[in-house]
Amino acid sequence: MEKFFKLKEHGTTVRTEILAGLSTFMTMAYIIALNPNLLTGFGAHGQSLWNAVFMATVLSAAIGTALMALLANLPFAMAPGMGLNSYFATVVASIAAAAGVTYSEAFGGGLAIILISGVLFLILTLFKIREKIVDAIPNAVRLGIPAGIGLMLINIGLGTNAGVFNSEGSAFYMLGSFFTDGPSATKAAMGDSYGTMVLYVITMFIGLFAIAVLSRKKVKGSVLLGMLGASVVYWAGCFIMGQNPFASLATANFLPPFGDMFSKTFFKFNFKTLFSMGYFAAIMTIISFCMVDMFDTIGTLYGTAKRAKMLDKSGNVPNMNKAMLSDSVATCVGACTGTSTVTTFIESAAGVEEGGRTGLTALTTAALFLACMFIAPIAALIPAPATSAALVYVGVLMMSSLKEVDYGDICQSVPVALLLIFMMVTSGVGNGIGIGLIAYTVLKLCTGKFKDVSPLTIVLSVLFIGKFFITF
């Protein structure tokens, strides 16, 4: 273990790495159920398809994360990316409408898109083109990436990940409803679900403060302990309100639905339905998936590694090409098993904050994902507000990179400001990097500093302008 992962060299231990891997898993375990929900319309297209996507989610996350551990020896985890999965569902619906087939039948067309984009990603990696792309990202943009990811984590923690629903199925969120609309308006709108909403808010803040205090006192496993403490608070609150948070275990199915995956999504590519949406639209959609995956991965790897002080003397992520290779192979695996683009998760920052520095952290997370084929109902017991507390805390820490920005230089401050806003509002790391590159290039060229902008940076800026302004 020591020889393979070089634990002493990285200043860590087996115990620290395992706790870090567990923390990462707990903060991103929501993807196990959320991804199949999003890709199948919350089961609207059949339980069999939902089961198949569930299996694909678990397997692709486990394989991709294990590759990151064994090839790159980095503490980052992978799973089907948020945002990309919603986009995938929209594309599949468009294919179904164009081909005149059902959503389930068109699903293979969507998987064909993911496979092609993954292969393109793999080719770019093998020929080390992606390394040149990474080098083309100017320092002004790099400074904003960790903070942008931090804002995204805070936004997820206080928004999407803490949402609850009323009896009519409408979603309410902590920032959007509880604090903005006020208690009276929220109570009237939520009805019977108001108590659950209050419990979510209390749980999240107790977890957040607990993590912060434990971290301040340098307690090992502070993030994990805070999440577990918040979970206990939530479970106790449920019992007080007359709810049983463990009721789902009584009817839970602990057997992996391999049969549904093999019959519905496993190597079920359909190139005919893919091109029914038109060759230009299909090609541009493939390019779009490839670009988003690439820059999301680059941004997440760089931002998280910077926070962990893992960058080398040149300011680059160690084993970056191997990390990219792991990511591209994981996307191909995801396509073959039946899910949307697999990418490196920003929630990996939770494990890094716990002290994870090597691939043993990622390997632990991979093992837990694999185990979820059998224990998914148990993993689902960790409430959303408990994971939200960890995400908000880590997000705050990652914003410290802003202290390095030279706010007196508009060629630095403007790209960083736009990057921060775009990342948070669009929930896309790649979108933030894109607008940052465009702003940097335009400002440098317009102020006569041509030598500061490399030709590849200009090319990337033009590609992002095409992505933002051309409807694919």
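Leaving aside its neighbours within four places in sequence, which residues is Ser117 in contact with?

## Ser117 and its surroundings

In this predicted model, Ser117 is in contact with Ile286, Phe289 and Cys290, once its neighbours within four places in sequence are left aside. Ser117 itself belongs to helix H6, which is made up of residues 103–126.

With a relative accessibility of 3%, Ser117 counts as buried because that value falls under the 20% cut-off. A polar atom of the Ser117 side chain lies 2.9 Å from the backbone oxygen of Ile114, a separation that is within the 3.5 Å used for a polar contact.

## Helix H22

Helix H22 takes in residues 455–469, 15 residues in total, and the distance from its first C-alpha to its last is 21 Å, close to the 21 Å expected at 1.5 Å a residue.

The buried residues of H22 are Thr457, Leu460, Ser461, Phe464, Gly466 and Lys467. As background to such a list, an α-helix has 3.6 residues a turn, so residues three or four places apart point the same way.

## Cysteines

How many disulfides does a search of the whole structure find? The search finds zero. Cys332, for its part, is in no disulfide, and the nearest cysteine sulfur, which belongs to Cys336, is 6.7 Å away, whereas a disulfide would need the two sulfur atoms within 2.5 Å.

Cys332 is buried, with a relative accessible area of 13%. Cys372 is also buried, and its relative accessible area is 0%.

Conventions:
Residues numbered from 1 in each chain as written. Predicted model: local features only at pLDDT ≥ 70, side-chain atom pairs only at ≥ 80, totals over all residues. Heavy atoms only, no water. Helix = DSSP H or I, 4+ residues; strand = E, 2+ residues; numbered from the N terminus. Buried < 20%, exposed > 50% of the residue type's maximum accessible area, 1.4 Å probe, protein only. Polar contact = N/O pair within 3.5 Å; in protein donor to acceptor, adjacent residues only side chain to side chain. Contact = heavy atoms within 4.5 Å. Expected span 1.5 Å × (residues − 1).
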